[in-house]
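I opened my notebook to look up a few things in this structure, one topic at a time. Here is what I wrote down, in the order I looked.

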Protein chains: 4
Amino acid sequence: MATIPNIIRVGHGVFYVTDLEASRRFYVDLLGLNVLHESASALYLRGNEDREWTLKLELAPEAGIKHLAYRVAGEGDLEALVALAEAEGLPWRWESEQDRPKLLRLQDPFGTPVAFYAESVKYPWLLQRYDLHRGPGLQRIDHVNVISPWVQDTLRWYTQRLAFRLTEYTEDDEGRIWAAWVHRRGGVHDLALTNGTGPRLHHFAYWMPDSASILRACDILAGAMQTDAIERGPGRHGISNAFFLYLRDPDGHRIELYTSDYLTVDPDFEPIRWHLNDPRRQTLWGARTPKSWFLEGSRLEAFGGGWVELQDSELQGLPQHVI
Amino acid sequence: MATIPNIIRVGHGVFYVTDLEASRRFYVDLLGLNVLHESASALYLRGNEDREWTLKLELAPEAGIKHLAYRVAGEGDLEALVALAEAEGLPWRWESEQDRPKLLRLQDPFGTPVAFYAESVKYPWLLQRYDLHRGPGLQRIDHVNVISPWVQDTLRWYTQRLAFRLTEYTEDDEGRIWAAWVHRRGGVHDLALTNGTGPRLHHFAYWMPDSASILRACDILAGAMQTDAIERGPGRHGISNAFFLYLRDPDGHRIELYTSDYLTVDPDFEPIRWHLNDPRRQTLWGARTPKSWFLEGSRLEAFGGGWVELQDSELQGLPQHVI
Amino acid sequence: MATIPNIIRVGHGVFYVTDLEASRRFYVDLLGLNVLHESASALYLRGNEDREWTLKLELAPEAGIKHLAYRVAGEGDLEALVALAEAEGLPWRWESEQDRPKLLRLQDPFGTPVAFYAESVKYPWLLQRYDLHRGPGLQRIDHVNVISPWVQDTLRWYTQRLAFRLTEYTEDDEGRIWAAWVHRRGGVHDLALTNGTGPRLHHFAYWMPDSASILRACDILAGAMQTDAIERGPGRHGISNAFFLYLRDPDGHRIELYTSDYLTVDPDFEPIRWHLNDPRRQTLWGARTPKSWFLEGSRLEAFGGGWVELQDSELQGLPQHVI
Amino acid sequence: MATIPNIIRVGHGVFYVTDLEASRRFYVDLLGLNVLHESASALYLRGNEDREWTLKLELAPEAGIKHLAYRVAGEGDLEALVALAEAEGLPWRWESEQDRPKLLRLQDPFGTPVAFYAESVKYPWLLQRYDLHRGPGLQRIDHVNVISPWVQDTLRWYTQRLAFRLTEYTEDDEGRIWAAWVHRRGGVHDLALTNGTGPRLHHFAYWMPDSASILRACDILAGAMQTDAIERGPGRHGISNAFFLYLRDPDGHRIELYTSDYLTVDPDFEPIRWHLNDPRRQTLWGARTPKSWFLEGSRLEAFGGGWVELQDSELQGLPQHVI
């Protein structure tokens, strides 16, 4: 039996954006992410706690997602991933990014472009340089969420092959899973899978210090006359119990500000089941979710170039609690 | 010229409720208002800062509002109000309530049942008895909001006859006022007037210590499976800049939890104008307002008994930013 | 009998500072006050809600306080103040400051330099320009606190001559008043008087939006390695029930960040008495107060130039709850 | 080479208390911990997120600590611990507690009574039953802190034998370690070791949802006239960056309320070094620490009964930043 690679946590995202200055205004000037490196065609950003860049914005003719990356424990885990890719016939190759010279990029069986790295250049954090924090104070990368027409299969693959652990899931009356939250690092999730036309990126999330900082994000966007960037929230999720806010960047990429979930380190942790139509699932307070939140997402780059082909889900229809 | 009565602040509301135990569960058990007095047919409630009861719930066959009351500076101000009523032909009489033996009830020219008192029995406050606070911690009465088909006329009467002062207003392109906020005590409002079929009570508001306590109200209602009580928010108003949440009690009476507006004591304070269709007016963050919030309200008791007859407004249509 | 002038609220302070760049770093870069005007020798600052400047920093060879100013309702109130000064033999003269062409400066009977103005140029506020807020977000001027060896006499003069109203006071077993809080605008105080060698300025206070913003002030100062600027707190006062933090500026002038006191508009509001040695008086949570907080203050400019002569108080000794 | 047991996280503490009703008043009525089980001689308490009891208060003639317990991954890890105890000659035995039928109690080489369990009866959590939360809302067990005269040796043993990982430490100019923070579950610590006469328990900590809830704990204790229970804080630690408050229970056991530290899951996480006399180490804001916090702690029960004998540390003297 193959060695299971030891994935530590979600590590970064690389977003294609079409107007780097508009993106800088949104992510840096308004949200306060810190620029660790920049060039004419890219910005490398991080939260106040991040010791490495966690979001790269790369200028491109069309918006989309280049890949989503995970940090693994060591070199051996990269080799285990290569072995897995070979065994399953998944396309893979070595790439590199700034500060991460050895990046294993592969395509998961569902078409999602993922990457893995064991080493990254670390920089002094800014967590205690509160005098340098700007905007609402995004703290650290938290998770990614992928829209998939095959949530159940994807869930099985990530839990069996990569040892992700399930914390919460949404099920309908027929026992079909519409969404799942899985983690590696002891929180609610590094990765969420939600049903829909895909695969696409649903959102990319940063941890916030507290709910007050999330309210401040709303105020700042309103002050800058950017209320259109606020798609959903603020509110408390039923799932994860986290306090949240969803934003859309200038290219439509969805960003979640997220805080205060719970610990999941116990080996006998029992996953929490939610019924698809429980109004408290999406927002514990019962607020309805806008349709755009269910229907829109970011395209993913295909391994060989171009965009991953989209497929509709067999699970059709929206939950009832939608605006 | 007649003496203008010196009104200090909004003082209390008397609500007719149809199930006192259901109301107690909502106001006392969940929202944490304090019971100052109670009988088989009434509850007298107050916030943690209130030194007197500020909300009376009175058991009745049908839900509605008995009256809204204001505190005046002294006996002479009650006499000035009687003189005003006589001069304008407004029906008036002396009534009494628990702790307020001399309550001048009159009907304003628009049908709203209002009452005035100069003296009230005071009780030690609970503000610093944090060990006794329950629920989210409602602090003190803040304001009332009346739906009216004659906002402009009502505004004129309250500012000219009772010396209320205008702080903010909503206007359409034709210069017609759809809503107005007026005060006596140096905050944004003791009384708000909003356009619609009326006169009816739109809502009754308590001041909260901070936005965190308003979020806690949502969590508590969700914990108790009472998410249906949450009608709108939480969010920040454009108008008043306050952080808010709107709830509906078991009889449908609307309660606002409200905090953090601004000072308006300067005599040359210039009222703030908002355009009817400015999306940041209702919620600074641009969130849409549910239709029920615009359309529903509580009936008012007529001076001679029964309910005040409702009249539609000539200003028809809802603002654009509605769900 | 003389007309009592109608004072609206505390209006501004003018501080002499010895290093304008050091002051700018503290007030503007770290605390986030907004520069409304500046010259080579002065900065005119305001909070996010202030529609006019509320703190002027004036470069001078020695640190001290030029004057503390109050806004009055109108021209007639300035005349009433002149009449009062004449009647009591208090020195007075007309001065002017930026935006306030007509400033009545007088010396109160205890030596404190006070000024009054009825008109001031107003500017658009920044309250809802959250995108422009910096630092912890100081909101508006709140109050001033004067150290006096004659608290009881000063209290009598301000309440009798200027109609300030008492809200709280500290008394010892012999019924001697050691401190008093008086207001004009319906909050806990525009002016506080505390016992000690004086007259001197004890502190100058800004209102904050909430306690979270006060914690952020601590974090920002710590991030900038300016922890020495934090003298006392954060904590909740027993007196006023406000959440507070005391800072010292580069010249030692003491600034309070203050939020969440209570309403005092009722004409029959009964002042709250605290015993001198009640440990919850200074900080409701019982924390001890550093000696510097009791002993140090800023010198006041004398009417004729130079500094007001200091006098020790007959009330000697510190409260017990001191570090 | 011996198998290293897989410790998941700190699991519980058992405290001897001398007045169960006084303890209940403190932990249940004021702090709002939930009673999961109770008998005439014991209370089993948990936070709102805990799915099992995390603090047992056991009535005893004298106050002290029976043991501190850790959750391990499985039965095999208990066996590995027995093997370790046998190999090192550490006294051990099987015990049981309510819900934890198989508890391995052993004495670590430094005299500390520790216990380990792999299974525990789980109960539905109360995290989303916000309507049932009381007091400030203690959320879950976070860590324990042991005072030791042999911090460096103890640190070596826990990291080498039990694979705890170092996150932060305090060092003097001679390179001697005065304190260390070690974890198993990806936060800053499950266990802290601080220099002093010991071994004793320094404190036992619960995670709080946010800093606002920690401020509320202060308010509640003040409201109940229990300010003597507040020993230190609130404030932000330099070490851990957490927001904190230290309390003393009726027997003097020290409880920390703690929130918002950071993630430490990266395998190449580099421990953070603090100089002993850095004033921002204890409290980022520079506040001084009371002597009692350095000098006082709870006695530990010896394996054979009675109390573990205390030994002074060779590292004498307090840090400079002490009241």
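**Entry 1: chains C and B**

I began where chain C meets chain B: 31 residues from chain C and 31 residues from chain B take part in the contact, where contact means heavy atoms within 4.5 Å. Before going further I noted that this is a predicted model, in which local features need pLDDT of at least 70 and side-chain atom pairs count only at pLDDT 80 or more, while totals for chains, interfaces and linings use all residues. I also noted that residues are numbered from 1 along each chain as its sequence is written, that chains are lettered from A and ligands numbered from 1 in the order in which they are written, and that side-chain values use heavy atoms, with hydrogens and water left out.

Next came the area. The size of an interface is often given as the accessible area lost when the parts come together. Chain C and chain B bury about 2700 Å² between them, and carbon and sulfur atoms give 49% of that; buried area here is the accessible area (1.4 Å probe) that two parts lose on being put together, summed over both. On the chain C side, Gln128(C), Leu263(C) and Asp266(C) lose the most area to chain B, together 20% of what that side buries.

How many salt bridges cross the interface of chain C and chain B? I found ten, a salt bridge being a side-chain nitrogen of Lys or Arg within 4 Å of a carboxyl oxygen of Asp or Glu. One that I looked up joins Arg71(B) to Asp268(C), with the closest N and O atoms 3.1 Å apart.

I then counted polar contacts and got 18 residue pairs between chain C and chain B, both residues at pLDDT 80 or more. A polar contact is a pair of N or O atoms within 3.5 Å; within protein, one must be able to donate a hydrogen and the other to accept it, and residues adjacent in sequence count only if both atoms are side-chain atoms. On the side of chain C that touches chain B, β1 (7–17) and β17 (272–275) of chain C each supply at least two residues. Strands (E, at least two residues) and helices (H or I, at least four) are DSSP runs, numbered from the N terminus. By class, that side of chain C has 14 nonpolar, six polar and eleven charged residues. For the classes, Ala, Val, Leu, Ile, Met, Phe, Trp, Tyr, Cys and Pro count as nonpolar, Asp, Glu, Lys and Arg as charged, and the others, Gly among them, as polar.

**Entry 2: chains A and D**

I turned to chain A, where 31 residues are in contact with 31 residues of chain D. The area buried between these two chains is about 2600 Å², with 49% from carbon and sulfur atoms. Gln128(A), Leu263(A) and Asp266(A) supply 20% of the area that chain A buries against chain D, more than any other three residues.

I noted ten salt bridges between chain A and chain D. In one of them, the side chains of Asp268(A) and Lys122(D) meet at 3.6 Å, N to O.

**Entry 3: inside chain A**

Chain A is divided into domain 1 (7–121) and domain 2 (138–295), with bounds that come from an automatic or database domain assignment. I found 20 Å between the centres of the two domains, taken over C-alpha atoms. In chain A, 43 residues of domain 1 are in contact with 36 residues of domain 2. The two domains bury about 3200 Å² between them, 69% of it on carbon and sulfur atoms.

The count between the domains of chain A is two salt bridges. Arg161(A) forms a salt bridge with Glu88(A), the closest N and O atoms being 2.3 Å apart.

**Entry 4: Asp50(C)**

Is Asp50(C) buried or exposed? I noted it as buried, because its relative accessible area is 6% and buried means under 20% (1.4 Å probe, protein chains only). Asp50(C) sits in the loop between β3 (42–46) and β4 (55–59) of chain C. The side chain of Asp50(C) reaches the backbone nitrogen of Gly47(C) at 2.8 Å and that of Ile141(C) at 3.4 Å.

Conventions. Buried means under 20% relative accessible area, exposed over 50%, partly exposed in between (1.4 Å probe, protein chains only).
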